[in-house]
Amino acid sequence: MKRRFYRSRLFWCGVPGLVFLLWVWWDSGGHDSYVLRGSGMGYYDVRVNRGAVRWSRIRESSGRSSFPNEFSMGRSLIAADDGSGPSPRRRCQFDVPPLFKWERDASFRALGWESLSAGVALWGITVAYGVMWLGAVGWWEWRKANAEDGALSVER
């Protein structure tokens, strides 16, 4: 008897993860969520905004430690695309940025700081999750079907 994949517990355990990733991707179009950590050598933060997860580091190029030790997290509105500021709230949407982005910001060099950031698009994370999850469901169903036929039995 052939079982349908949607009757598998593995399938239904993966649905909340996919829904969560889709919600984060959609919500990042209208909000900027971040976690910031300041240490003596610089600031490190992780942001989710405009359809991507971004990690950045700002530190002094001279090696001095003048940054305060702090930890903060928050959420703010993203300004509307017409440049009128954050008051006309940008609607949540599915932004599609490049899959990977890596940059060094030269504007901080005049202040004696180094800035480095890297980002991964949420659409890429969502697609990778979906491929791994559905691949695992397919493999599990294939394995169970072959086990029922006796093809996977081990003879000693």
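1. **Ground rules.** In this predicted model, local features need pLDDT of at least 70, side-chain atom pairs count only at pLDDT 80 or more, and totals for chains, interfaces and linings use all residues. Numbering starts from 1 along each chain as its sequence is written, and side-chain values use heavy atoms, with hydrogens and water left out.

2. **Fold.** The protein chain has two helices and six strands. Their order along the sequence is α-β-β-β-β-β-β-α. Helices (H or I, at least four residues) and strands (E, at least two) are DSSP runs, numbered from the N terminus. Of the 156 residues, 29% count as buried. Buried means under 20% relative accessible area, exposed means over 50%, and partly exposed lies in between (1.4 Å probe, protein chains only).

3. **Salt bridges.** The structure holds four of them. The test is a side-chain nitrogen of Lys or Arg within 4 Å of a carboxyl oxygen of Asp or Glu. One joins Arg47 to Asp32, at 2.7 Å from N to O. Arg47 lies in strand 2 and Asp32 in strand 1 (residues 31-39), so this pair ties together parts that are 15 residues apart in sequence. Arg47 also bridges to Asp45, with the closest N and O atoms 2.9 Å apart.

4. **Cover at these bridges.** Arg47 is partly exposed, at 26% relative accessibility. Asp32 is buried at 11%, and Asp45 is buried at 9%.

5. **Helix 2.** Another salt bridge pairs Glu141 with Lys144, at 3.4 Å from N to O. Both residues lie in helix 2 (residues 122-149), three residues apart, about one turn of the helix. Glu141 counts as buried, at 13% relative accessibility. Elsewhere, bridges that share partners join Asp32, Asp45 and Arg47 into one network.

6. **Largest pocket.** This pocket holds about 250 Å³ of space. Its lining has 14 residues, and those closest to the centre are Asp45, Arg54, Ser56, Glu103 and Ser117. Strand 2 (42-49), strand 3 (52-60), strand 5 (100-104) and strand 6 each give two or more residues to the lining. By class, the lining has four nonpolar, four polar and six charged residues. Ala, Val, Leu, Ile, Met, Phe, Trp, Tyr, Cys and Pro count as nonpolar, Asp, Glu, Lys and Arg as charged, and the others, Gly among them, as polar.

7. **Largest cavity.** The whole structure has one cavity of 30 Å³ or more. The volume of the largest cavity is about 30 Å³. Arg104, Asp105, Arg109, Trp113, Glu114 and Ser115 line it. Strand 6 (residues 113-121) gives the most to this lining, with three residues. On a 1 Å grid over the protein atoms alone, a cavity is a set of points where a 1.4 Å probe fits but cannot get out; a pocket is an open set with protein on both sides within 12 Å along at least five of seven lines; lining residues have an atom within 4 Å of a point.

8. **Nonpolar patch.** Phe20, Leu22, Trp23, Trp26 and Phe94 make a nonpolar surface patch of about 520 Å². Patch residues have over 30% relative accessible area and no salt bridge; like charges are joined within 9 Å, nonpolar side chains (Val, Leu, Ile, Met, Phe, Trp, Tyr) within 5 Å. Trp23 sits in helix 1 (residues 9-27). Trp23 is partly exposed, at 45%.

9. **Arg50.** This residue is not a glycine, yet has a positive phi of about 50°. Arg50 is in the loop between strand 2 and strand 3. Its relative accessible area is 33%, partly exposed.

Terms used:
Accessible areas come from the Shrake-Rupley method with a 1.4 Å probe; for residues, only the protein chains shown count as cover. Grid points are joined across faces, edges and corners, and a volume is the space filled by probe spheres set on the points.
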